[in-house]
Every structure is written in structure tokens, then in C-alpha cells.
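Welcome, and please have your viewer ready. Let us walk through this fold together, from the whole chain down to a few single residues.

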Amino acid sequence: MTDTLRGGILAIAALSAGAAAAAETDDLREAAGDYFVPVPSTVPAVADNPITPEKIALGKALFFDPRMSISGVFSCNSCHNLATGGDDNLPTSIGHGWQRGPRNAPTVLNSIFNSAQFWDGRAADLAEQAKGPVQAGVEMANTPENLIATLKSMPQYVEWFQGSFPGRDDPVTFDNFAKAIEAYEATLITPAPFDAWLNGDDAALSDRQKEGLAIFMDAGCATCHGGVNLGGNGYYPFGLVEKPGADVLPETDTGRFQVTETAGDEYVFRAAPLRNIAVTAPYFHSGAVWDLNTAVGIMATSQLGADLNEDEIAAVTAFLQSLTGEVPEVVYPLLPPETAETPVPTGAVRP
């Protein structure tokens with residue numbers, strides 16, 4: 001066989017292998033399209049809350065301002081730190097009077113895509129969610145009345161509210177406070193390599209990540225963790241097939257039952273969104289698991305009854321790494337100065 005002929009045969013073989021690989025990738029992408037939706041390229045619209053540059057800027061200031069807490073210590077960013085994956089990387093958050101909250105803080109990144117907020121879905125949207133921590137005694141421990149007095153004591157805030165909610169006789173309200181934060185949080189979306197791959201970039205995922213994606217779908221993980229946020233849009237019993245230990249699933253936290261008081265909702269939680277999951281340890285509502293491989297193994301066993309081996313778990317974890325996205329650049333806002341009328345902070349713990 002001549003060198004020319006041998007080279008031609010090798011070239012044909014390479015082309016055939018490349019064509020087969022391309023077809024396999026296309027099949028995988030088509031299957032993925034049944035479960036997942038890429039992050040949109042623009043800020044999503046919010047019901048009953050038009051997003052404007054002025055409202056985004058106001059919401060950003062409020063998000064970072066610790067004076068929204070009664071102590072002047074804790075801001076939204078304290079538990080949802082944009083530098084650490086949009087959460088605080090603690091099992092449960094530390095709040096007012098150094099008290100610990102009952103559940104792990106979910107990431108604020110891409111939270112606009114969740115159908116409801118909190119692990120138990122007790123807030124219908126981000127505006128409603130923003131009101132919760134402000135008033136929670138173990139978090140920011142403030143009251144709507146004190147918060148509004150604080151805002152109205154600073155002329156710059158009053159001006160910003162007027163620009164964000166024009167035509168209102170009194171724009172500085174607790175509802176508008178929450179809507180401004182919602183507008184800012186709607187901008188916190190993180191396009192990731194997985195989105196590039198869904199949009200046709202074959203090189204955006206490694207072969208190992210594609211293998212993990214196939215396992216993720218075949219094992220049934222995508223049934224609960226689909227959509228734009230790969231979760232955040234449904235409620236499921238934790239331990240559907242086999243309950244994990246009490247360290248992972250504390251018996252005292254009955255999940256959505258605490259909202260609905262319906263027996264069937266005991267130990268039911270909203271499926272965790274998986275975007276940026278690789279940088280938001282520890283995992284689960286209890287914050288009891290620090291290793292992503294371990295978390296994947298627990299979910300496979302407890303939710304699916306799937307006996308994934310170590311290599312398969314590692315492949316799924318590799319796929320989950322592709323969900324780590326690009327966080328919007330954050331420039332720390334300059335906040336309005338206090339005045340003589342600004343309420344004095346206090347560290348007193350409410351009974």
C-alpha cells in the first residue's frame with residue numbers, strides 16, 4: 001500500500017469518526033432540548049414591575065445597604081454574597097445578634113427564574129421574598145416602619161425612589177423597596193458554558209461533561225432539575241425512594257408542610273436550582289454536605305433509587321461544573337449618608 005493510499009484511508013477514517021461524533025453530539029443536544037432552556041440574553045421581564053435603569057440602580061443600593069437591618073450590620077449581600085456564588089457558603093446563615101437561621105441560604109444568582117422563592121416556596125416572587133429577611137428576627141430584624149423612616153431620612157434615597165417610581169405621591173414604600181430589589185436581582189443572571197453548548201457551540205463542553213449530561217438525563221435527574229435554572233420550579237419529597245440520615249434531613253424541618261399544613265407536604269422542598277452549584281457549597285436545605293460528589297450520590301440514592309458508581313457520579317459532577325456562569329461585574333455602590341433623622345441602629349434581640 002502506498003503512502004498516498006494509506007494517507008487517504010486514514011483521512012477518510014478520521015472524517016467518518018468526526019461525523020459520527022458530530023451526530024452523537026447533535027442527538028445529545030436534541031435530547032437536552034426536551035429538558036433545558038438556555039439563559040436569555042436580556043434581563044427577563046417581571047410581572048407588575050417594569051424594569052428600568054433607575055429602579056435597578058436603586059435596588060442595587062438597597063441590596064448592599066446594611067442600614068436596611070435594625071443593627072446596621074447585615075445587608076442582602078451578607079447572606080447572598082455576589083463574590084461567593086450569591087450565597088454565604090455557610091450551613092445556615094448568621095443574622096441579627098449572631099443568631100443562626102434554620103436553613104441554608106439559596107443563591108440569589110438566576111433566582112429570577114424560580115417559580116417561587118425559599119426552600120418551601122412561601123414567597124411567590126423576588127419582591128415578596130425581599131420582605132422576608134428584613135423582618136425576620138434571626139436575619140435583619142427590622143420593621144417596615146423603621147425601614148421606611150430610615151429611607152425617608154436620607155434625601156438621596158427619596159430622590160432615587162422618585163426617579164424609580166415616577167408620578168407617585170409617596171414613592172418611598174415597603175412595596176416599592178421590595179420591587180426595587182427585585183429589579184436589581186433580575187439582572188443577576190449568569191450565562192455558562194452549558195448555555196453556549198445548548199446554543200450550538202460543540203466545544204463549550206468537554207467529552208467528560210457531555211458524558212455526565214447523558215447520565216444526568218438517563219438517570220432521571222433532569223425530571224426535577226430542568227428548565228432555565230435546572231430546578232427551582234417544582235416541589236418534591238426529600239427521600240422519595242430512601243430517606244437520607246437526620247443530619248441531611250433534620251426531622252424538625254418538615255419543609256413545605258410549614259406553609260401549607262397539608263400532610264402530603266411533609267418533608268417536601270422546592271427542587272434546588274443547579275446553576276453555579278459547584279461554587280455554592282454546602283448543599284441541601286440543611287447545609288449538611290460540603291462535597292458535590294457526595295451530594296450527587298445522596299440525590300441519586302434518595303430520590304431516584306439509582307445506584308450510580310463513583311465514575312458516573314464524577315461524570316455528573318463534571319457536567320455540573322459547566323453550570324458555573326459569568327457573574328455580572330459588580331461595582332460597589334456609594335450609599336446616601338445618614339442624617340440627624342436617621343434611626344439609630346440597635347443590637348437588641350427581639351423576644
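## Contacts and overall build

In the protein chain, residues 24 or more positions apart account for 72% of the contacts with a separation of 6 or more, where contact means heavy atoms within 4.5 Å. This is a predicted model, in which local features need pLDDT of at least 70 and side-chain atom pairs count only at pLDDT 80 or more, while totals for chains, interfaces and linings use all residues. Residues are numbered from 1 along each chain as its sequence is written, and side-chain values use heavy atoms, with hydrogens and water left out.

The protein chain has 13 helices and two strands; these are DSSP runs numbered from the N terminus, helices being H or I with at least four residues and strands E with at least two. Along the principal axes, the C-alpha atoms fill a box of roughly 95 × 45 × 30 Å.

## Surface and charge

Of the 351 residues in the protein chain, 48% count as buried. Buried means under 20% relative accessible area, exposed means over 50%, and partly exposed lies in between (1.4 Å probe, protein chains only). The accessible surface of the protein chain comes to about 16300 Å², and 57% of that belongs to carbon and sulfur atoms; the areas come from the Shrake-Rupley method with a 1.4 Å probe, and for residues only the protein chains shown count as cover.

On the charge side, the protein chain has 19 positive and 44 negative side chains, and the centres of the two sets lie 5 Å apart. Lys and Arg count as positive and Asp and Glu as negative, leaving out His and the chain ends. The place of a charge is taken as NZ of Lys, CZ of Arg, CG of Asp or CD of Glu.

Asp253 is found in the loop between β1 (235-237) and α11 (257-260). Its relative accessibility is 9%, so Asp253 counts as buried. The side chain of Asp253 makes polar contacts with the side chains of Arg103 at 2.8 Å and Gln258 at 3.5 Å. A polar contact is a pair of N or O atoms within 3.5 Å; within protein, one must be able to donate a hydrogen and the other to accept it, and residues adjacent in sequence count only if both atoms are side-chain atoms. Beyond residues up to four places away in sequence, Asp253 touches Arg103, Gln258, Tyr267, Phe269 and His285.

Asp253 also belongs to a network of salt bridges linking it with Arg103, Asp120 and Arg122. A salt bridge is a side-chain nitrogen of Lys or Arg within 4 Å of a carboxyl oxygen of Asp or Glu. Arg256 has its place in the loop between β1 and α11, and it is buried yet has no salt bridge, with Asp265 as the nearest side chain of opposite charge, 4.4 Å away. Leaving aside neighbours within four places in sequence, the contacts of Arg256 include Asp120, Arg122 and Asp265.

## Other salt bridges

The structure holds twelve salt bridges. One of them joins the side chains of Asp65 and Arg67 (2.9 Å, N to O). Asp65 counts as buried at 0% relative accessibility, and Arg67 is buried at 14%.

Asp170 and Lys152 meet through their side chains in a salt bridge (3.1 Å, N to O). Asp170 lies in the loop between α6 (155-164) and α7 (174-185) and Lys152 in helix α5 (residues 144-152), so the pair ties together parts that are 18 residues apart in sequence. Asp170 is partly exposed at 40% relative accessibility, and Lys152 is partly exposed at 41%. Arg208 and Glu211 form a salt bridge as well (3.0 Å, N to O); both lie in helix α9 (residues 207-218), three residues apart, about one turn of the helix.

## Backbone details to check

A cis peptide bond joins Ala281 and Pro282, with omega about 0 degrees. Pro282 sits in the loop between β2 (268-270) and α12 (292-304).

Ala141 has phi near 55 degrees; it is found in the loop between α4 (126-135) and α5 and counts as buried at 4% relative accessibility. Leu230 has phi near 50 degrees; it lies in the loop between α10 (221-224) and β1 and counts as buried at 0% relative accessibility.
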